[in-house]
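Thanks for coming, everyone. Let me put the structure up, and then we go through it.

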Amino acid sequence: MRKMLSVFFVCALIFGMLTGCKSSDVIGVDKTVTLRLAHNHNEEHPVHKSLLKFSKDVEKKTNGTVKVQVYPNAQLGSEREVIELTQTGAVDLAKVSASALESFSEVYSIFSLPYLFDSKHHFYEAMDSDIAKEMYDTTKNIGFIGLTYYDAGSRNFYTKNKPIMHPNDLKGLKIRVQPSTTAIRMVELMGGAPTPMAYGEVYTALQSSVIDGTENNEMALTSSNHGEVAKEYSYSEHAIVPDILIMNLDKKDQLSEEQQHAVIEAAKESTEYHKIVWAEETENAVKKAKEMGVKFHKPDKTPFREAVSPLHDEFAKKELIGKYYREIRAKAKKVK
Ligand code: GCU
């Protein structure tokens, strides 16, 4: 059903584009424009709430001349698909994981580098700096830019029935990862069998034992019901991968300077709002997951970190990514 809806929406969007309903026309006629924003979480998820706040603020700050219609639940497609749609302008904005952006701009691979960040504080320090802003612009040449980021917690392994207390516990296990080369390498180095797939397929894959486990934040246990089928959640805290709000570049340029300013300001404010909602909702998710029968474990992170150290050496040697790597790691010392 969801697939059919997606196909319907995408066809409608493409039809709109082909028949010449460009947003510039719309702005010209009645001075208002409605931007379409896609993401893959449900209406209860904190990201959806933060995007609704973004939408409300954009409308307020532009005196109703710019509206943002939020499409949740991957209605418009998987993350890869909505990035492509944002590239062409069939979708105006999308909230996607930085890992999904890795195959569009290599610099985003740095966020899938395990143990890049030492703490949430370190993560915020880097994301609120010019480093992130520079990265957002690296996709200008392919039609879109990043506007801001949303905290998506730390990623941890969870499996149907086995705690992951040491990388050795991953041996022989099929672990779903995001479609990211770096995430694939990470699981390989830790000894598991990486299985990349889109987020929307994970629940069924767990249920039917196509995979033995996966890795994500606590919210996935409740908002995507993974806790119904995966009962052992282990805090390896191997990655803090932000969600990124991207926007079609032409669509942004078609807005007036004031409107662009309002969109950027609203985006930044929604990031700050999200930090608070995220923390509250994560606590709730853990409580709810425990009621679902999920057990939480705290392994020693040292052997996990050691297993992936070759990846750090590789990243440090890369040209542009190596520069970001050093700048981000330097911030770790600053926040200690
Ligand atoms: C997080 C993130 C999603 C992403 C998902 C995944 O939940 O917010 O954008 O799709 O991880 O593991 O694919």
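How many cavities of 30 Å³ or more does the count come to? Two cavities, by the rule used here. Keep in mind that this is a predicted model.

Start with the largest cavity. The volume of the largest cavity is about 60 Å³. Its lining is made up of Ser 99, Ser 112, Arg 155, Gln 178, Ala 183, Met 186, Glu 215, His 238, Ala 239 and Val 241. Two or more residues of that lining come from each of α8 (181-190) and β9 (232-239). By class, the lining of the largest cavity splits into four nonpolar, four polar and two charged residues.

Now the second largest cavity. Here the volume is about 30 Å³. Leu 113, Tyr 115, Leu 116 and Phe 117 are among the residues that line this one. Glu 237, His 238, Ala 239 and Ile 240 line the second largest cavity as well. This lining has six nonpolar residues, one polar and one charged.

Look back at His 238 and Ala 239. They line the largest cavity, and they also line the second largest cavity.

On to the ligand. Which residues surround the ligand? The shell includes Asn 40, His 41, Glu 79, Lys 95 and Ser 97. Arg 155, Arg 176, Gln 178, Tyr 199, Asn 216 and Asp 243 are in the shell too. By class, the shell around the ligand has one nonpolar residue, five polar and five charged.

In Glu 79, an N or O atom of the side chain is 2.6 Å from an oxygen atom of the ligand. For Lys 95, a polar side-chain atom sits 2.7 Å from a ligand oxygen atom. For Arg 155, the distance from a polar side-chain atom to a ligand oxygen atom is 2.8 Å. And the area? Alone, the ligand exposes 310 Å², and the protein buries 98% of that.

Gly 322 is in helix α15, residues 320-335. Is Gly 322 buried or exposed? Gly 322 is buried, because its relative accessible area is 0%. Val 107 is 215 residues from Gly 322 in sequence, yet their C-alpha atoms are 9.5 Å apart in space.

Thr 159 is in strand β5, residues 155-159. With a relative accessible area of 2%, Thr 159 is also buried. A polar atom of the Thr 159 side chain lies 2.6 Å from the backbone oxygen of Lys 162.

Last topic: backbone angles. Most residues other than glycine have a negative phi. Two residues here are worth a look. Ala 74 has a positive phi, near 55°. Ala 74 is in the loop between β2 (66-71) and α4 (79-88). Where does Ala 74 fall, buried or exposed? At 19% relative accessible area, Ala 74 counts as buried, because the cut-off for buried is under 20%.

Asn 225 has a positive phi as well, near 60°. Its place is the loop between α10 (219-223) and β9. Asn 225 counts as partly exposed, because its relative accessibility is 33%.

That's the tour. Over to you for discussion.

Notes
Residues numbered from 1 in each chain as written. Predicted model: local features only at pLDDT ≥ 70, side-chain atom pairs only at ≥ 80, totals over all residues. Heavy atoms only, no water. 1 Å grid on protein atoms, 1.4 Å probe; cavity = no way out; pocket = protein on both sides within 12 Å on 5 of 7 lines; lining within 4 Å. Points joined across faces, edges and corners; volume = space filled by probe spheres on them. Helix = DSSP H or I, 4+ residues; strand = E, 2+ residues; numbered from the N terminus. Nonpolar A, V, L, I, M, F, W, Y, C, P; charged D, E, K, R; others polar. Near = heavy atom within 4 Å. Polar contact = N/O pair within 3.5 Å; in protein donor to acceptor, adjacent residues only side chain to side chain. Areas by Shrake-Rupley, 256 points an atom, 1.4 Å probe, with all protein chains shown as cover. Buried < 20%, exposed > 50% of the residue type's maximum accessible area, 1.4 Å probe, protein only.
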